[in-house]
Amino acid sequence: MKESPTPVADLLLHPVRWRIVQRVLGRELTTTELKHDLPDVPATSLYRHVAVLIEAGYLTVVRERRVRGTTERTLSLDQTKVGRIDEREAHAMTPEQHRQAFLLMLTRLAADFDRFVERGDLDPRLEQLGYSQLALYVDADDLATLREGLNALLEPHLQEQPGKERLTLSLVSLPDV
């Protein structure tokens with residue numbers, strides 16, 4: 001992935017770009033599939049936001065093919081890099097930007113949960129559902145060890161594989177106030 005001069009927050013705090021990244025997260029999607037997944041976003045707007053994300057290096061075009069006189073692109077993103085705000089960027093963000101980023105994540109999470117529950121077929125996939133909250137007691141070294149361990153544990157599961165279902169895992173850590 002090329003390094004973007006634009007901070008992650010500036011690119012991903014836009015609601016449409018956030019939704020695009022969430023849909024492509026962990027999979028390859030064609031622009032047609034993306035348009036189908038986001039029917040409320042006008043096609044021209046969707047393609048413009050996809051172009052911004054490609055230019056910034058967050059989305060990658062992995063394939064192109066000709067379909068009825070146009071070029072259909074298949075998109076991917078490296079989820080080990082995308083959407084993570086590094087410490088430098090986090091310090092540069094305003095409290096309002098942090099609120100907006102967190103609310104975007106919560107809004108998408110709630111929408112995905114609602115879609116799952118509304119389908120009405122919870123039983124066959126209930127073992128994939130989980131939500132809980134824990135209080136951990138850590139210092140800076142413990143937190144670094146936890147993050148490294150989680151990254152090592154999750155890394156083998158970040159790529160689409162035959163016979164595996166996509167599951168979205170959301171982790172939030174908040175200091176006690």
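Buried means under 20% relative accessible area, exposed means over 50%, and partly exposed is in between, using a 1.4 Å probe and protein chains only. By that rule, Asp37 is partly exposed at 27%.

Before going on: this is a predicted model, where local features need pLDDT of at least 70, side-chain atom pairs count only at pLDDT 80 or more, and totals for chains, interfaces and linings use all residues. Residues are numbered from 1 along each chain as its sequence is written, and side-chain values use heavy atoms, with hydrogens and water left out.

Now the salt bridges. A salt bridge here is a side-chain nitrogen of Lys or Arg within 4 Å of a carboxyl oxygen of Asp or Glu. How many salt bridges does the structure hold? There are five, and I will go through some of them.

Asp37 pairs with Arg23, with the closest N and O atoms 3.3 Å apart. Helices, by the way, are DSSP runs of H or I with at least four residues, numbered from the N terminus. Arg23 is buried, at 16%.

Helix H2 also holds Arg19. Arg19 forms a salt bridge with Asp40, at 2.9 Å between the closest N and O atoms. Asp40 lies in the loop between helix H3 (31-37) and helix H4 (43-55), so the linked parts are 21 residues apart in sequence. Arg19 is buried at 18%, whereas Asp40 is exposed at 52%.

Last, Glu96 and Arg99 form a salt bridge at 3.2 Å. Both are in helix H6 (residues 95-118), three residues apart, which is about one helical turn.

Key:
Helix = DSSP H or I, 4+ residues; strand = E, 2+ residues; numbered from the N terminus.
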